[in-house]
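Welcome! Please take a moment to look over the sequence and the fold below, and then we will walk through them together.

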Amino acid sequence: MKWNLNNNWFTRIIAVFFAVLLFSYVYYEEESRNLSTSPTDGASITGSEVITNIPIDIVVDRDQYFVSGIPETATIRLEGPQAILTQTLATQNFNIVTPDLNELGPGTHTVSLEADGLSDQLDYSISPSEFELTIEEKKVEEHDIRVEFNEAAHLADGYTAGTPVLSTEAVRVSGAESTVDQISDVMVVVVPEESNVSEDIQMTLNVLVLDGTGDPLNVNIDPQQVDVRIPVEGTQRSVPIVLKKTGSADENYQYDLEISQGQPENVNATGETDALEALKNFPVEVDVSGITESTVRTVPLILPEGITETDPEELEVLIRVTPNDSENTGDSAE
């Protein structure tokens, strides 16, 4: 077949063909470039993230060994495919762990941390990259708890502290053998929030384990806190009640005072030691002003100086009234 290259239609067809071919090539290249950078193609994009304050899992037989010198937390930097990195950040289903310290045994060692549970497609680095720790044989002891309380500094005058009552009398202390052997005191210190305490003290306190110089020791304590109750009682003394007439008595009547039936004849007084020693009896003043017939009155007990409390706080008194012209007129009771 003989082509007529001078034919205009033939030339046009050839031009259109090459134009379509060139367009297809450019379109294909653009699409390939878009696909290679598309964010939906997560495997082709890398990223990095930093996670801080990750707890460190200590791989050791805790019944046999006590380990010191390990940081509380670590920081990890992750790098790899964005899709896997995103999933890892969302789940955080990996751990930062020490090597198997049981294989190292007692002594001082330099170790590096590892990440357990990470995808093989992620690279990581951990800070601190390495550190020194000490492994010692573990020792466990039980110690009674001593209660320290400064009675003079915190109690109101006239009050004393009873025997402290603890939710548990002893604690279980465990740690490195060399440290446990330094224990000199296991105690709680009771410091009430208020001064001049006159009621029972109840607090929840941390247990302190101290060496001979009073410094705290690096040990495990079980339980770490105990409930403490300190009974607070006033210094007391029982003295007889003495009734005294006061007020303006009507001269036409004779007044006799009696403690009503069922009422105590003594008062339990609480207060300062000196005031109690000086208290031989407890005067109760009864006002007879305006009374012209026998009656019973409830009289409050007035606290003398240095006395902070009485039991009872009030007293029922019979005021027996007799006209002066009566045959049964008696002497006044003081």
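Two stretches call for care. Where pLDDT is low, the predicted coordinates should not be read in detail.

Let us begin with helix 2, which spans residues 82-91. Which of its residues are buried? They include Ile 84, Leu 85 and Thr 88. These residues lie on the same side of helix 2, because they cover an arc of only 100° around the axis. An α-helix has 3.6 residues a turn, so residues three or four places apart point the same way. On the other side of helix 2, Gln 87 and Ala 90 are exposed.

What covers the buried residues of helix 2? Strand 1 (46-57) and strand 3 (73-81) are included in the cover. After helix 2 comes Gln 92, and its phi is positive, near 45°.

## Glu 49, a residue of strand 1

Strand 1 holds Glu 49, which is partly exposed at 34% relative accessibility. Not counting residues up to four places away in sequence, Glu 49 touches Ile 76, Arg 77, Leu 78, Leu 85 and Leu 89. Leu 85 is one of the buried residues of helix 2. Glu 49 and Leu 89 are 40 residues apart along the chain, yet their C-alpha atoms are separated by 8.4 Å.

Strands of a sheet pair through backbone hydrogen bonds, either parallel or antiparallel. In this model, an open sheet of 4 strands has the order 22-19-21-24, and its pairing is mixed. Why is one side of strand 22 and of strand 24 (307-311) left without a neighbour in the sheet? Both stand at the edges with a single partner strand each, so one side of each has no neighbour there. From one strand to the next, the twist averages 40°.

Strand 19 (residues 236-246) shows both kinds of pairing. With strand 21 (residues 266-271) it pairs in the antiparallel sense over 5 bridges, and Gln 236 stands opposite Thr 270 in strand 21. With strand 22 (residues 282-287) it runs parallel, joined by 6 bridges. Here Lys 244 stands opposite Glu 285 in strand 22.

## Around helix 4

Helix 4 covers residues 177-180 and includes Thr 179. Is Thr 179 buried or exposed? With a relative accessible area of 14%, Thr 179 is buried. Leaving aside neighbours within four places in sequence, Thr 179 is in contact with Leu 217, Asn 218 and Val 219.

## Salt bridges

Side chains of opposite charge can pair when their charged atoms come close. How many salt bridges does the model have? The count comes to 7. In one of them, Lys 139 pairs with Asp 181, with the closest N and O atoms 2.6 Å apart. This pair links distant parts of the chain, 42 residues apart: Lys 139 is in strand 8 (residues 130-144), while Asp 181 is in the loop between helix 4 and strand 13 (185-190). Lys 139 is partly exposed at 24% relative accessibility, and Asp 181 is partly exposed at 47%.

Arg 146 and Glu 148 form another salt bridge, with the closest N and O atoms 3.4 Å apart. Arg 146 is partly exposed, with a relative accessible area of 37%, and Glu 148 is partly exposed at 36%. Arg 229 and Asp 200 also meet through their side chains, at 3.5 Å from N to O. That pair, too, links distant parts of the chain, 29 residues apart: Arg 229 is in strand 17 (residues 225-230), and Asp 200 is in the loop between strand 13 and strand 14 (201-206). Arg 229 is partly exposed at 31%, as is Asp 200 at 41%. Finally, salt bridges that share partners join Lys 139, Glu 141 and Asp 181 into one network.

Terms used:
Residues are numbered from 1 along each chain as its sequence is written. This is a predicted model: local features need pLDDT of at least 70, side-chain atom pairs count only at pLDDT 80 or more; totals for chains, interfaces and linings use all residues. Side-chain values use heavy atoms; hydrogens and water are left out. Buried means under 20% relative accessible area, exposed over 50%, partly exposed in between (1.4 Å probe, protein chains only). Helices (H or I, at least four residues) and strands (E, at least two) are DSSP runs, numbered from the N terminus. The arc is that of the directions from the helix axis to the C-beta atoms. Contact means heavy atoms within 4.5 Å. Two strands pair if DSSP finds at least two bridges between them. Axes are lines fitted to C-alpha atoms, for helices over the stretch in contact, and angles run from 0 to 180 degrees between N-to-C directions. A salt bridge is a side-chain nitrogen of Lys or Arg within 4 Å of a carboxyl oxygen of Asp or Glu.
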